Number of protein chains: 2
Amino acid sequence: MARQKTYHHGDLRQALLQAGLAMLEEVGLEAMSLRKIAARVGVSHAAPEHHFPTLKHLLNAMACEGFGLFAATMRAEMAHAEPAAAPQMRAASKGYLAFATGHPHLFRLMFNANLLDWSDPALEEAGSLGLAVLREICWPVAIRLGLDTEEGRASVEQLVWSQIHGHAHLAIDHKLPLIDAPAGLPPVLVSSPGLDLAAILLPD
Amino acid sequence: MARQKTYHHGDLRQALLQAGLAMLEEVGLEAMSLRKIAARVGVSHAAPEHHFPTLKHLLNAMACEGFGLFAATMRAEMAHAEPAAAPQMRAASKGYLAFATGHPHLFRLMFNANLLDWSDPALEEAGSLGLAVLREICWPVAIRLGLDTEEGRASVEQLVWSQIHGHAHLAIDHKLPLIDAPAGLPPVLVSSPGLDLAAILLPD
DNA sequence: CAATCAAGTTGTCGCTGTCAAGATTGGATT
DNA sequence: AATCCAATCTTGACAGCGACAACTTGATTG
């Protein structure tokens with residue numbers, strides 16, 4: 001928010017960012033436009049250009065915001081779970097999936113290499129927040145499997161990340177049966193359970 | 001091909017489809033346009049409309065073509081592998097990954113629910129070619145795990161598909177280290193190996 | 001041979017992202 | 001306190017886009 005009737009907006013960058021995120025989930029990436037976002041904020045069609053020289057810059061900023069929320073969602077789930085390796089991994093997976101199904105368009109944007117500019121340090125840093133979670137949940141697994149080397153760590157991360165990431169993509173692209181969450185907002189969908197990779201990798 | 005100097009093209013639909021597929025991989029989805037495709041084929045900007053009323057119709061047709069090649073790529077790998085469950089599963093995975101990394105833009109298109117119209121029966125049918133492969137490689141695994149029920153089958157398919165699909169997505173979005181294939185064309189990239197899910201699910 | 005209709009054409013519309021040039025403002029400097 | 005200035009926002013313009021309408025072509029068919 002800012003002053004109302006003045007020529008300058010006050011915090012246009014943040015306003016555009018929030019309006020963009022809202023519009024993205026409302027109408028999808030293809031139907032979204034810089035001009036509509038500007039209009040929604042109440043500003044002329046060329047106003048965004050000073051803050052986001054090109055559409056790609058806005059998408060980058062939106063993805064940054066997304067990665068922050070993404071990591072926070074996983075962390076929140078992990079905080080409610082037992083500290084052991086398997087429950088932590090299940091919790092992170094649950095958060096991963098909840099974020100993807102709750103913000104499908106943003107999720108697709110965040111992981112579409114073609115739409116973003118990863119040479120942007122801000123995006124790189126935001127993305128690393130999610131990677132850190134992955135590292136934390138995979139390290140104990142690697143140890144339990146006797147793969148406590150750099151290579152072993154990478155192997156476990158690749159397997160676990162692939163499974164979670166694929167599950168999320170298949171869910172938002174309607175390739176898996178979805179069931180409504182009992183009473184969640186925003187309208188989060190949770191896919192059916194499937195086999196539990198945590199249990200497979202970490203037998204009792 | 002068809003006649004050269006006549007008013008009618010002869011097989012414009014197929015020509016547009018092939019030009020579209022070529023342009024998609026050359027410049028990406030965002031930089032592709034109906035008008036450029038039409039120009040490439042040597043036809044006016046409105047000519048495509050009779051064959052593809054809207055851009056989405058062309059994308060649907062391109063995805064159909066993609067699913068055909070997708071299934072064929074997996075089948076080709078499976079044909080070269082031993083008939084046992086684990087080798088077949090590894091072969092299908094290899095084909096899955098080869099297709100995705102060989103045609104990253106097409107792969108993203110095929111699995112982006114909001115770019116396609118899945119109520120189109122042609123797309124539904126093309127997509128099922130890939131699903132059939134998944135079913136074939138997962139069924140023996142479900143049996144070996146004692147999950148030879150409808151529910152068990154679905155669980156195994158979900159786990160296996162998620163892992164392969166996620167691996168493919170992460171690979172084309174540059175989230176996994178890629179190594180050049182020894183001598184493959186088209187320029188196929190293969191990601192690093194990681195843990196072998198087939199070996200985990202099917203211990204000797 | 002005439003008629004018909006699918007398959008191309010040109011032309012136009014509103015919308016898009018981007019750029020250029022002018023207007024307005026608030027804060028810093030004298 | 002007056003002035004300047006740089007950041008911010010506006011208006012206007014441009015080419016390219018998908019879609020639509022009206023017209024032209026030409027092959028097929030009764």
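This is a predicted model: local features need pLDDT of at least 70, side-chain atom pairs count only at pLDDT 80 or more; totals for chains, interfaces and linings use all residues.
**View 1. The contact between chain A and chain B.** Chain A contributes 26 residues to this contact, and chain B likewise contributes 26 residues. On the side of chain A that touches chain B, helices α8 (150–172) and α9 (197–201) of chain A each supply at least two residues. The most comes from α8(A), which gives 13 residues to that side of chain A. Sorted by class, the side of chain A that touches chain B has eleven nonpolar, 13 polar and two charged residues.

**View 2. Leu159(A) and the residues it touches in chain B.** Leu159(A) lies in helix α8 of chain A. This residue counts as buried because 22 other C-beta atoms lie within 10 Å, where the cut-off for a buried residue is 20 or more. Leaving aside residues up to four places away in sequence, Leu159(A) touches Gln163(B), Gly194(B), Leu195(B) and Leu197(B). For orientation within chain A, the C-alpha atoms of Leu159(A) and Ala15(A) are separated by 39 Å, and these two residues are 144 residues apart along the chain.

**View 3. The two assigned domains of chain A and the contact between them.** The domain assignment of chain A gives domain 1 as residues 1–53 and domain 2 as residues 61–201. Their contact takes eight residues from domain 1 of chain A and seven residues from domain 2 of chain A. On the side of domain 1 of chain A that touches domain 2 of chain A, the residues divide into five nonpolar, two polar and one charged.

**View 4. The packing of helices α1 and α2 of chain B.** Helix α1 (residues 12–27) of chain B packs with helix α2 (residues 34–41) of chain B at an angle of about 115 degrees, and their axes are 9 Å apart. The crossing of α1(B) and α2(B) is right-handed. From α1(B), the residues Leu12(B), Ala15(B), Leu16(B), Ala19(B), Gly20(B) and Met23(B) meet Lys36(B), Ile37(B), Arg40(B) and Val41(B) of α2(B). By class, this contact of α1(B) with α2(B) has seven nonpolar, one polar and two charged residues.

Key. Residues are numbered from 1 along each chain as its sequence is written. Chains are lettered from A and ligands numbered from 1 in the order in which they are written. Domain bounds come from an automatic or database domain assignment. Ala, Val, Leu, Ile, Met, Phe, Trp, Tyr, Cys and Pro count as nonpolar, Asp, Glu, Lys and Arg as charged, and the others, Gly among them, as polar. Axes are lines fitted to C-alpha atoms, for helices over the stretch in contact, and angles run from 0 to 180 degrees between N-to-C directions. Helices (H or I, at least four residues) and strands (E, at least two) are DSSP runs, numbered from the N terminus. A crossing is left-handed if the near helix is turned anticlockwise from the far one by less than a right angle, and right-handed if clockwise. A residue is buried if 20 or more other C-beta atoms lie within 10 Å of its own, exposed if 12 or fewer, and partly exposed in between; C-beta atoms are placed from the backbone.
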